[in-house]
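Please walk me through this model in the viewer, one selection after another, and tell me what is found at each stop.

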Amino acid sequence: VSNRPLVLLVEDFEDARELAAEYLRDSGFEVATAGDGAEAIARAAELAPALIILDLVLPIVDGWEAIRRLREDSQTRLIPIIVTSGNKSDDDRRRCAELGCVGYLQKPCPPATLVAKIREALHD
Amino acid sequence: MSNAAAFLGQPAHENHIVQFYENEDFLSDTVGHFIAAGIAAGEPIIIIATPEHRAQFTQRLQERGIDVDAVRASGQLSLLDARETLATFMVGDMPDWSRFKAAIGAVIEKGRQGREGRVRAYGEMVDVLWRDGNPKAAIALEELWNDIGKIHSFSLLCAYVMGNFYKEADGEHFHEICRTHTHVIPAESFTRLESTEDRSREVSLLQQRARALENEIERRQALEQALRTALDERRRAEAELRDFVENAVYGLHWVDRDGIIRWANKSEMELLGYSRDEYIGHHISEFHADPEVIVDILKRLTSDETLHDYEARLRCKDGSTRHVQISSNVYWRDGEFVHTRCFTRDITEQKRADDARRQSEALLAESLAREQQARQEAERTVRFNEMFAGILGHDLRNPLGAISTGAHYLLRMSAGEKVHKTALRIVSSTERMTRMVDQLLDFTRIRVGDGIALRRERIGLADLCGRVREEIEAGHPERAVKVDCVGSSAGEWDSDRLLQVLSNLVGNAVHHGSGDRPVTIDIDGRGDGDVVVVVHNDGVVPPDVLPVLFEPFRGTAKHLGLGLYITQQIVLAHGGTIEVASTAQEGTTFRVRLPRR
């Protein structure tokens, strides 16, 4: 069993998802990926990752609904979530904080910033 | 026997006597006495009188014991009819001398035949003429009697009833009659008085009465004049009122209870072009273009309603139609409908003007609506374009993120200097592109969304300026940025947004400045309400650009030109102001004033 923390990266844009996954693996994380909200909920329940990086705009089940369901499920409700969003919206940022998300990053986000945020969340 | 009776018994030759009388009995007595005396004296007698008087005189003579028929038969007494004798010498309205002389001369000569002495005559042809209303002919005839008296020897008695002279204007004629006679005998009321004393009293009384009557006449004449003046005044007032009514600006008419026009003024008939006969006496409904309207008008008036400005259309003689406003009510007398009092005002021109105005208003409204529609269309297009730009900007973030991540990943690999340099350029370009996308999204939010939302917190402007200086100096180590602050720079602002403002202003100052002098940031926090930040460099904004510096999309191919626009919008969202001044001598200064809250 690896001692590298497992991060579930949820992003529907494949290029961004795969490059970010590679960068995170290179930065010392185990990375699992999901391309939509429904898959994200299923994989979170299945894999119990240390942290979830979640895009808000997703097919099938959007990010907001995914957060709600993850928070309802006793298996997943304590997993920290960092939200990534294309919207520079203060309302979204506030709402994410109220739902217990540990971070809100606006895209495009330099990968080093993402890594720093993940580390900060895992150490808390 | 009175003096008058004595005189009439023995008149002299060529006496032309006039006897005035008041009643017929007195006349009959007087003439009877005059004739009887003549018969007794054997004188020829001629009586020219009306049939009634001849009968009365005959009766009086018989009462005196005279056998009238015998006297007539002897030729001493001639009885002639006044009108028949007049007819023998009247030419038109006047007596003719030649005919008179021939006719009367023949009568006198016939009476005189075989007898001595004067002829005694009684005549009342003048009285007949007078009664017929021809006093001029009567006086002329008196003159003819005087003239014929110069040819034939006779004494003549005339008689006038006083009733002929009761009018004031008769005075002159009365005087004339007196003048044409040699002797005047007053009427019986005077003649019958026996004593001189009684007659003097009577004369005095008559003088008093005459004076009183003269005064009364004067008073009545004055009264008559006043009445005449008042009447003239009234006629004038009536004429003015008639003129006012006939020529009033309003048409006026009366309609009776059956709807028949009983009267109309000139104005109304001129308005519609009808003559009096074509209008008055006709039913009012013949002139209304809308039958239901006149039915309603008559119904309301019959119910004692007063109409004000009731609109109707009247038919003119030439076939055209006039728009009118009718105001009317009914004149009632003892509960009976007498007639309407109808005022008709022509509003055709006003109506036409109203229609024209309404039409042009409708056209204007239509063109305004079209213009509004076009504007809305244009606004929708602009909005769509702006939204499109926003969506595009948003969607660009994903591939941009992928590129950025890929470039950073390459930088981490040890792939050689060429790869490293290339990766650096990709990172730099993605940063610039990220800024452009951010600006595009801000612009969309300002123009299409709710504007810039602020997340206020208590911060210090001096700290923000320090961070900006650090960022700039990190990117441009060769350039100096100097920050000065006096007073307190604290306030409740959105730190991210003000960082955006300061980065933009200082970044521009560095980019456009000469590099010889530092870019300065002076913070003045001495005021209670505001903090003022002044960013200055030695660059110059071209004069033609200065007035439009804060407008969006002034950029070149490299820049969107949204930076200063968004900066201004952020300052305005904070309730602040931003100004710029730029000259070759002073350089360029941006002055931002921010209320502390």
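A salt bridge is taken here as a side-chain nitrogen of Lys or Arg within 4 Å of a carboxyl oxygen of Asp or Glu. This is a predicted model, in which local features need pLDDT of at least 70 and side-chain atom pairs count only at pLDDT 80 or more, while totals for chains, interfaces and linings use all residues. Residues are numbered from 1 along each chain as its sequence is written, chains are lettered from A and ligands numbered from 1 in the order in which they are written, and side-chain values use heavy atoms, with hydrogens and water left out.

**The interface**

Begin with chain A and chain B together, between which one salt bridge is counted. To find that salt bridge, select Arg412(B) and Asp26(A), whose side chains meet at 3.1 Å, N to O. Widening the selection to contacts (heavy atoms within 4.5 Å) brings in 21 residues of chain A and 23 residues of chain B. The buried area, meaning the accessible area (1.4 Å probe) that two parts lose on being put together, summed over both, is about 1,900 Å², and carbon and sulfur atoms give 56% of it. On the chain A side, select Tyr23(A), Lys88(A) and Pro108(A), which supply 31% of the area that chain A buries against chain B, more than any other three residues.

**Charged pairs within the chains**

Stay with chain A and select Glu65(A) and Arg68(A), which form a salt bridge with the closest N and O atoms 2.6 Å apart. Helices (H or I, at least four residues) and strands (E, at least two) are DSSP runs, numbered from the N terminus; in helix H3 (residues 63–72) of chain A these two residues are three apart, and therefore separated by about one helical turn.

Moving to chain B, select Glu43(B) and Arg120(B), whose side chains meet in a salt bridge at 2.7 Å, N to O. This pair links distant parts of the chain, 77 residues apart, with Glu43(B) in the loop between helix H2 (24–40) and E2 of chain B and Arg120(B) in strand E6 of chain B. Both Glu43(B) and Arg120(B) are buried, where buried means under 20% relative accessible area, exposed over 50% and partly exposed in between (1.4 Å probe, protein chains only).

**The sheet of chain B**

**The largest nonpolar core**

Finally, select Leu461(B), Leu498(B), Leu505(B) and Val506(B), which touch the most other members of the largest nonpolar core, a group of 40 residues. Such a core is a set of buried Ala, Val, Leu, Ile, Met, Phe, Trp, Tyr and Cys residues joined through side-chain atoms within 4.5 Å. Its largest share, eight residues, comes from H18(B).
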